[in-house]
Amino acid sequence: MTDFFKGIEPIRYEGPDSDNEFAFRHYDPDQVVMGKRLEDHLRFAVAYWHSFAWQGGDPFGGQTFQRPWFGDTMALARLKADVAFDLFDILGVPFFCFHDADVRPEGASFAESLRNLEEITDYFAAKMEGRKTRLLWGTANLFTHRRFMAGAATNPDPDVFAWAAATVKACMDATHRLGGQNYVLWGGREGYETLLNTDLGRETDQFGRFLSKVVDYKHKIGFTGTILIEPKPQEPSKHQYDYDVATVYGTLKRFGLEDEVKVNIEQGHAILAGHSFEHEIALAAALGIFGSIDMNRNDYQSGWDTDQFPNNVPELALAYYEILRAGGFTTGGTNFDAKLRRQSLDPEDLVMAHAGAMDVCARGLKAAAAMLEDGGLERARADRYAGWDSPAARKMLAEEDFDAIAARVLAGGVDPEPRSGRQERLENLWNRFV
Ligand code: XUL
Ligand code: CO
């Protein structure tokens, strides 16, 4: 153990009445809910980038955090890994996630960057031995370096496409080596700033070719994890091609990849796209592409991606309700893609941000499970669609053409009577559990 978190003991479950700040009140990993331990339901992951690589800058100010591992050497990268695994141990999280750029210094050449990544991957592998911590997903940072300013797979310059492909190959290799359960593609620069200089058709074709190569490579190396695309409508690009779940599904269908690739849905990205988190989850589940979630929250006024830790139990109850209805996570999990506020300087802030978020998620999931077990919402939904169970309705959907349907209506056998949608009553029901 390093001394960064000196004096902070592993966080334990002490129950809702505990007044120990360094305790879980709601997240008891061993509590069984709907036949499964909470730890196995929620599958928490810590995101390396926000917690260990981000320095506290915002558009108006630079670094606020002073961490002993900041710097560009391999020795500091190893110190950063030591502190990261200390945090995983303190929180008892089963997973972590990282980009290549979070964990290794950029080298003077591609080959040197690759060697640095491989060295850190070995270091991670050694640290994971004898620990419960596993890798939820790995990914490539194809957005920070200036070479990616006009995109990675969708760049007008084929050399950048090549660099991106070699980078993703390296990150897939690292993810595979560490037994990662998923591989994520988030395309912050896969989009455009202005149509005046952009060939949108060509760029989206390039993206499809790139994605097919990712899937081919997955099969070539025998990676059995899930390939996930993380939708986001804008920021950093003015318009991003992976706008939302519906847009990603259209892209997957267009390139015949809908059985190969799923989605990693982020709360704040859903809000930026003008949706709710639960809408995006429910749609992905309905389309058969639900994979994983990035958990955070956006400030609802600011209109950009503030990546705050979650703290709204009623909203999370609806999100986990849709996840449980869809059968829960398989390879996916709850990754905290959330960062401290830049004034939260202390090591304790980093621990408590995660511990509190884990408690909030546990409350959301338990409320969702109770709502499902109660069955009131599902009964109301079934009742609302009950008309579709009749043989006549089924026949209409399956067989009848417009002439046949119109003939039935004309003959007077159809006379719709509007019924209440009962929204407020259902909101009252939801409120009983949160
Ligand atoms: C950016 C974002 C990324 C992805 C991984 O908004 O969410 O951190 O999760 O590249
Ligand atoms: Co994310």
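A residue is called buried when its relative accessible area is under 20%, and exposed when that area is over 50%. Keep in mind that this is a predicted model.

**Exercise 1. Work out whether Phe-24 and Tyr-27 are buried or exposed, and how their rings pair.**

Start with Phe-24: its relative accessible area is 2%, so Phe-24 is buried. Tyr-27 comes out at 1% relative accessibility, so Tyr-27 counts as buried too.

Next, the rings. A pair of aromatic rings is described by the distance of the centres and the angle of the planes. For Phe-24 and Tyr-27 the centres are 5.2 Å apart with 90° between the planes, and the pair is edge-to-face.

Tyr-27 has another partner to check: its ring centre is 5.0 Å from that of Phe-44, and the planes meet at 70°, so this pair is edge-to-face as well. Now look at where the two residues sit: Tyr-27 is in the loop between strand S2 (23-24) and strand S3 (32-33), while Phe-44 is in strand S5 (residues 44-47), so the pair links distant parts of the chain, 17 residues apart. Both Tyr-27 and Phe-44 are buried.

**Exercise 2. Find which residues coordinate the cobalt ion (ligand 2), and what the geometry of the site is.**

First, list the donors: Glu-230 (OE), Glu-266 (OE), Asp-294 (OD) and Asp-337 (OD), at 1.9 to 2.1 Å. In sequence, these donor residues follow the spacing E-x35-E-x27-D-x42-D.

Then zoom in on two of them. Glu-230 lies in the loop between strand S10 (226-229) and strand S11 (239-240), and Glu-266 lies in strand S12 (residues 261-266), so the pair ties together parts that are 36 residues apart in sequence. Both Glu-230 and Glu-266 are buried.

Finally, the angles. Ideal angles for six octahedral donors are 90 or 180 degrees.

**Exercise 3. Describe helix H3: how far does it reach, and how many of its residues are buried?**

Begin with the span: H3 (residues 74-91) has 18 residues and reaches 26 Å from its first C-alpha to its last, close to the 26 Å expected. For burial, 13 of the 18 residues are buried, which leaves H3 mostly covered. Just past the helix, Gly-92 takes a positive phi of about 70°.

**Exercise 4. Say which ring has the charged end of Arg-67 over it, and which has Lys-339.**

Arg-67 has its charged end over the ring of Phe-65, 4.6 Å from the centre. Lys-339 lies over the face of Trp-54, at 4.8 Å from the ring centre.

Terms used
Residues numbered from 1 in each chain as written. Chains lettered and ligands numbered in written order. Predicted model: local features only at pLDDT ≥ 70, side-chain atom pairs only at ≥ 80, totals over all residues. Heavy atoms only, no water. Helix = DSSP H or I, 4+ residues; strand = E, 2+ residues; numbered from the N terminus. Expected span 1.5 Å × (residues − 1). Buried < 20%, exposed > 50% of the residue type's maximum accessible area, 1.4 Å probe, protein only. Phe/Tyr/Trp six-rings, centres within 6.5 Å; stacked < 30°, edge-to-face > 60°. Lys NZ or Arg CZ within 6 Å of the ring centre and 35° of its normal. Donors = N, O, S within 2.8 Å, 3.2 Å for Na, K, Ca; no water. Tetrahedral: all angles 85-135°; square planar, octahedral: opposite > 155°, others 65-115°.
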